[in-house]
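Good morning. Please look at the picture first.

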Amino acid sequence: MSAVEYPDDLRYHPAHDWARVEGDVATLGITWFAQDAVGEVVFFDPPAVGTAIGKDESYAEIESVKAVSEVIAPLSGEVIEVNEGVVEDPCVINSDPYGSGWLVKIRIGDEAEVGTLLSAAGYEGLLAND
């Protein structure tokens, strides 16, 4: 991915994670900023399908050439799918963080939490103030 981007159809968590909400299911991943900050991702340790995750809590680890980083859940819910493509080829997180680099899908536990997430403009504003 060559350009910095934050798609308008996603909701963002201040810990540099995103959620694509479709009904009661959310696809989760890390933002362009996060993948750029960690560097080349070499390992993704996902939660098992059926795992309950909590908003603002770590649910997975990403290992890069620089460090091991916790992935923070933007929403609470139950993991219903893990992106096996990322498990097999984690560098896709760097090349396509909003497409084929998604991490897990969850069944949303509390839909009110969606309203607490940032818009793309709000997230970009947060980055500008860091």
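A salt bridge here is a side-chain nitrogen of Lys or Arg within 4 Å of a carboxyl oxygen of Asp or Glu. K55 and D56 meet that definition, with their side chains 3.5 Å apart, N to O. Please keep in mind that this is a predicted model.

How many salt bridges does a search of the whole structure find? The search finds 3. Take K55 and D56 again. K55 counts as buried, because its relative accessibility is 19% and buried means under 20%. D56, at 46%, counts as partly exposed.

Another of the salt bridges is between R20 and D9, at 3.7 Å, N to O. R20 is in strand β2, residues 17-22, while D9 sits in the segment before β1, and the two are 11 residues apart.

Then there is D24 with R107, where the closest N and O atoms are 3.3 Å apart. This pair links distant parts of the chain: D24 is in the loop between β2 and β3, R107 is in strand β9, and 83 residues separate them. D24 is partly exposed, at 34% relative accessible area, and R107 is partly exposed too, at 39%.

Now a charged residue without a partner. E113, in the loop between β9 and α4, is buried yet has no salt bridge. Which side chain of opposite charge is nearest to E113? It is K55, 6.0 Å away. Leaving out residues up to four places away in sequence, E113 touches K55, L75 and S76.

On to the interior. In soluble globular proteins, nonpolar side chains tend to be buried together. The largest nonpolar core here has 26 residues, and those touching the most other members are L28, Y59, I62, L75, L103, V104 and I106. Elements giving two or more residues to this core include β3, α1, β4 and β9. Apart from this core lies another, of 10 residues, among them Y12, W18, A120 and L127.

For one member in detail, take V104. Beyond its neighbours within four places in sequence, V104 is in contact with A26, T27, L28, P47, Y59, V79, E81 and V82.

Last, the surface. V42, F43 and V65 make a nonpolar patch of about 270 Å². V65 lies in the loop between β6 and β7. Is V65 buried or exposed? V65 is exposed, because its relative accessible area is 59% and exposed means over 50%.

That is the end of my part.

How values were computed: Residues numbered from 1 in each chain as written. Predicted model: local features only at pLDDT ≥ 70, side-chain atom pairs only at ≥ 80, totals over all residues. Heavy atoms only, no water. Patch = residues over 30% accessible without salt bridge, like charges linked within 9 Å, V, L, I, M, F, W, Y side chains within 5 Å. Areas by Shrake-Rupley, 256 points an atom, 1.4 Å probe, with all protein chains shown as cover. Helix = DSSP H or I, 4+ residues; strand = E, 2+ residues; numbered from the N terminus. Buried < 20%, exposed > 50% of the residue type's maximum accessible area, 1.4 Å probe, protein only. Core = buried A, V, L, I, M, F, W, Y, C linked by side-chain atoms within 4.5 Å. Contact = heavy atoms within 4.5 Å. Lys, Arg positive; Asp, Glu negative; His and termini not counted.
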